[in-house]
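Could you walk me through the side-chain contacts in this one?

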Amino acid sequence: MSASFFPVATLATSLAAAAIIFLLPEGAVRARTGLNLGAAVLKIGLVAWMVRGLSQGQAYAVEFPVLEGLAFVLRADALGIMFAGLSSLLWLFTTIYAIGYLEDSPNRRRFFGFFSLCVASTLGISLAGNLFTFLIFYELLTLSTYPLVAHRGTPKALAAATLYLRFTLTAGLVLMIGMVALHTLAGDIRFGQREILAEFGPEQRGVLIAIFWVLIAGFGVKAALVPLHGWLPRAMVAPAPVSALLHAVAVVKAGAFGIVRLVYDVYGAEFSQALGLLTGLAVIASVTILYASLRALAQVELKPRLAFSTVSQVSYVVLGVGLFGPLGTIAALSHLLHQGLMKITLFFCAGNYAEELGIHRIDELDGAGRRMPLTSLAFSVGALGMIGVPPLVGFLSKWYLGTGAVQAGMPWVIAVLVVSSLLNAAYFLPILYRLWFCPGPDHGVGTWPEERHLGRFETSSWLLLPMLATALFSVMAGLLAGMPFSPLEWATRVANLEYLP
Amino acid sequence: MSQVTFAVLMIAALLWPLALVLREPLMVALVEHGETRFPLDTLWATAPLPALALALLGPDGSLSLSAWLLGGVWVLDDPRRVLLAFSALLWLLSGWYARGYLAGERDRANAGNGASATRLSRFAVLWPLTLSGNLLLLVAEDIASFYLGFAVMTFAAFGLVIHSGTRVALTGGRAYLIMAVFGEGLILGGLLWGAGSLGALTLGEFREGLATAPHGAWIGLLLWLGFGVKAGVAGLHLWLPLAHPVAPTPASAVLSGAMVKAGVVGWVATLPLGEASAEAAFIGLGRAMLLAGLVGAFGAALLGVCQRHPKAVLAYSSVSQLGMLAALVGTGLVAPGLWPALAPAVVLFAAHHGLTKGVLFLGVGIGEHPPRLPAWVLALLLTLPALSLAGVLGSGLATKWAFKAALYEGGHSALVTWLSLAAVGTTLLMARTLWCQWQGERQARRDGLVPLGAPMPLAWLLLMVSALTLPLWLPVLGMRPEPPPAAELAGLWWPALLGVLLALPGGWLIRYRLRRLAKRRPPPGDLWWPLASGLSRLWVATWPWLERLAVMKAAWVAWWVGLERSGTAALQALGGGERWLRRHTAVLMMVVAVGLALVLLFSAA
């Protein structure tokens, strides 16, 4: 019973929450809030139970055939549960934040309904056991995110949402073509059955390589690889919790996670290396990292700068995948979590500045450290983590990427990492300088663009607490990386499964 | 039992400064607004005390924390003990000094000046934070902790440098930060490359493995230059003379005394010094270090004597002294067999220079606010540490003998001569410092005198005593520097004598004969200014190209948008055709039907 119960129940939690929220009237704020939080906590509990079970050697899977030779498979393996854990944990914080952020704004029923649907699809992506199931939830994610990006309904928001839909739907089409081609060639490949493709003869290799790049092109849109990243900086018009969701929890991560699945669980790292695919990935990722960092440097508004930073940072995951060897894999998997923790903190902070003080541009941040010390502290934590300063989690990712690069025989990657760190420092340190060292309205220089007093502390507690929690997590996950069940430790466990027979 | 004592002392040494960091914001939040309060109280000044206790009382040992980062290992052994002791002592006395130095700021803050209160509060937070980074990097044996300490120290010290918030302070801070970030990048590259090739997590494994690693010398090069930013290698020293004069005096003292030593500690911790098996390429690296060190030692002396601000002169003197240290470390690479004898001399040099340079910097503040002492006593007291740095007496004499003896034994007498000549430069720099200070002191004496028991003179005098008597109390820490034999004294004293003989006529010439030359003195930070203006010119030159790129991209996007629009227009034209069909299909069908009927009619006929 429990083997099939847990994956279905986890998925059903968010789906049911979405359905009930759509049925509830707009004014039922308390019921909706309670339902949202209850579902989030319940889901964390279910995922935690599966983590515990998995580490004791239990298996969780459910499947039923859809067509002849094609099955719908939900399965919790170590990699999937890692992503599920990330999304359910960050979902809780994002939900709390969103409740505070959208207080007294219209259309909250629609927002939270699609919000739950979005997370349900992310969970489906993480628990999917083959490409077919993956694709279903991947497309569902695209569709459920559209109303969130368009939420404000302004012409700018609608244009950004349309652009988002164009990018992701066409990418979904490309992905489906690749998947069908692979299915015709090899049948239904469950994630983890790496031997199927590895047994193909040399005459099929050209086709396999072509299919690989088609699939990467499909995933690359959501993973925002250059030059397919154009939608992400535009989607900045969405409300802050949606940005957090796009950048840290769901959408961009789904693309990166797809690439991870494709390389490790469909093609297999060794076979990909033998086909010469990994070096290509590492090159694409390096270009993305450097290009996006340069573009971030040129932004004058806070959220676009963070958006380009995401484009750059998510490619660290792809870079790690491209580095053949256990260390590169650890880097890729752990950065999937680390980037989520840091980026969500940064977006929460950006949202707090916008809500409390009306700040959107970087030069308006002067002296905000005095007015909002906790938010600025959390922002500093996130920014220093992005630069890769220990003891924050970003340092660990960089460490494993660098050592993994040497292990994979590509020491030039270290130069990319160093340049990227310098660029990160160049676009984050000036912000920190403005926050803490420049005199601002609270020192008697100028005024805030639009100051509101949302709460007893520096801003509303709904906005403050999730941000502090994620900042604390990014410090603790770095400082105590050697503890069991830390992101790094879990990533190491998954990498060992991949490389040790 | 001793292991427990060790662990408790170690953790206390690292956590106590952090606890004091957290205390300040709590105090700000808890204390009533408007109540008078001095953030730099006695408790605040105790931040380095546990570290000092660890150095003096703690047994040798190591503490492993598997949950910490990538696995933490914190170690105390003999060289670390000396470094820890002198750093903690310098931080302790400089902190006490700061209580007097910033008293004016306190008065302004209590009088209701918000900016002063903010600055004071920030100083109270960043001082112990920088300290904790400095202490951690000294005891760290695992690479991650070491890098953590280094980074915390570097970034937190930025806030100390720009304390006053003036335009010059911001320029100095900017130079400091840009170069520091550049150095961090190089260090990160070197550490990642090395640790990746060797699979090393601790500095000991790293150092041993690097000796025979492939591309080891390139990794060594990155680390040399990366740590060299902190240790003022010639060419990378630009931030020192810019940041030191603008920082508050106690911060300059710890910056120049303790923090720049982190660069040397980094070299000693990562480079395969004294490894006989090291690749031949390391000898080349060692030669480069040696050469760059000597260039720094002489060049900084030349640039330093042209400076007007005593702290700028002292900063150049630090570059010069660090150049000598770098030359000694480089010798350890060139002649690995010599390193066991040279290593204690390097540690002694670091401790001696740290404390003495600390006294000299604190002395600048003393010259600006003279204590209640006769002028000649004050002059004598200010001269003593200068003579020590020149190698005439006290710790300077012991240090000089220590490395001279080691180098002579190894047959490197040429290097000894070069270092002695560099000591002539040191003497000139010291003479210049004293001259600059004396100019200021005469003015300050008219403004009023400070009681001798006030924090500033007290800390200064205590630090001077501990610096001069360093060879006497070092045995407590397990290190016994040999006193120089009487026969060698002449050989140790001639550079200082020569320096004094050169300084007197040189000073006279510059003051009375070569005034025009004196006006064209190089500014502090020498190469920084041409570099900065060159870069900004380059930026101005590339800007049109970037704009052209942006235009090209816009044209590309416009082309696609145009394509889409014409595609949509074609679809709409199709729609128009359909509309026409919809309207006229019936007629068309009629025409067809009639046509068919006619065809049938005529074909039948």
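Here is a short tour, starting with the ground rules and then moving from charges to rings to a helix and a patch.

This is a predicted model, so to speak, with local features needing pLDDT of at least 70, side-chain atom pairs counting only at pLDDT 80 or more, and totals for chains, interfaces and linings using all residues. Residues are numbered from 1 along each chain as its sequence is written, chains are lettered from A and ligands numbered from 1 in the order in which they are written, and side-chain values use heavy atoms, leaving out hydrogens and water.

**Salt bridges**

Over all chains, a search of the whole structure turns up 21 salt bridges (a side-chain nitrogen of Lys or Arg within 4 Å of a carboxyl oxygen of Asp or Glu). Three of them are in the table.

| Pair | Closest N to O |
|---|---|
| A:R261 and A:D77 | 2.9 Å |
| B:R119 and B:E105 | 3.1 Å |

Take A:R261 and A:D77: the arginine sits in helix α11 (residues 251-267) of chain A and the aspartate in the loop between β2 (70-76) and α3 (78-101) of chain A, so the bridge ties together parts 184 residues apart in sequence. Helices (H or I, at least four residues) and strands (E, at least two) are DSSP runs, numbered from the N terminus. Both A:R261 and A:D77 are buried, where buried means under 20% relative accessible area, exposed over 50%, and partly exposed in between (1.4 Å probe, protein chains only). These two also belong to a network of salt bridges that links A:D77, A:R194, A:R261 and A:D265.

A:R493 and A:E489 are 4 residues apart in helix α21 (residues 487-499) of chain A, which puts about one helical turn between them. An α-helix has 3.6 residues a turn, so residues three or four places apart point the same way. A:R493 is partly exposed at 28% relative accessible area, and A:E489 is partly exposed at 22%.

In chain B, B:R119 of helix α6 (residues 114-139) pairs with B:E105 of helix α5 (residues 103-110), so parts 14 residues apart in sequence are tied together. B:E105 is buried, at 6%.

**Aromatic pairs**

How many aromatic pairs does the structure hold over all chains? The count is 47, taking rings of Phe, Tyr and Trp (its six-membered ring) with centres within 6.5 Å; planes under 30 degrees apart are stacked, over 60 edge-to-face and the rest tilted. A:F111 and A:F112 have ring centres 5.3 Å apart and planes at 85 degrees, so they go down as edge-to-face.

B:F146 is buried at 1%, and B:F227 is buried at 0%.

Back in chain A, ring pairs join A:F83, A:F134, A:Y138, A:F191, A:F219 and A:F257 into a cluster.

**A helix in chain B**

Helix α20 (residues 455-468) of chain B has 14 residues. Its buried residues include B:W460, B:L463 and B:M464, and what covers the buried residues includes α4 (78-101) and α16 (339-368) of chain B.

Terms used:
Expected span 1.5 Å × (residues − 1). Contact = heavy atoms within 4.5 Å.
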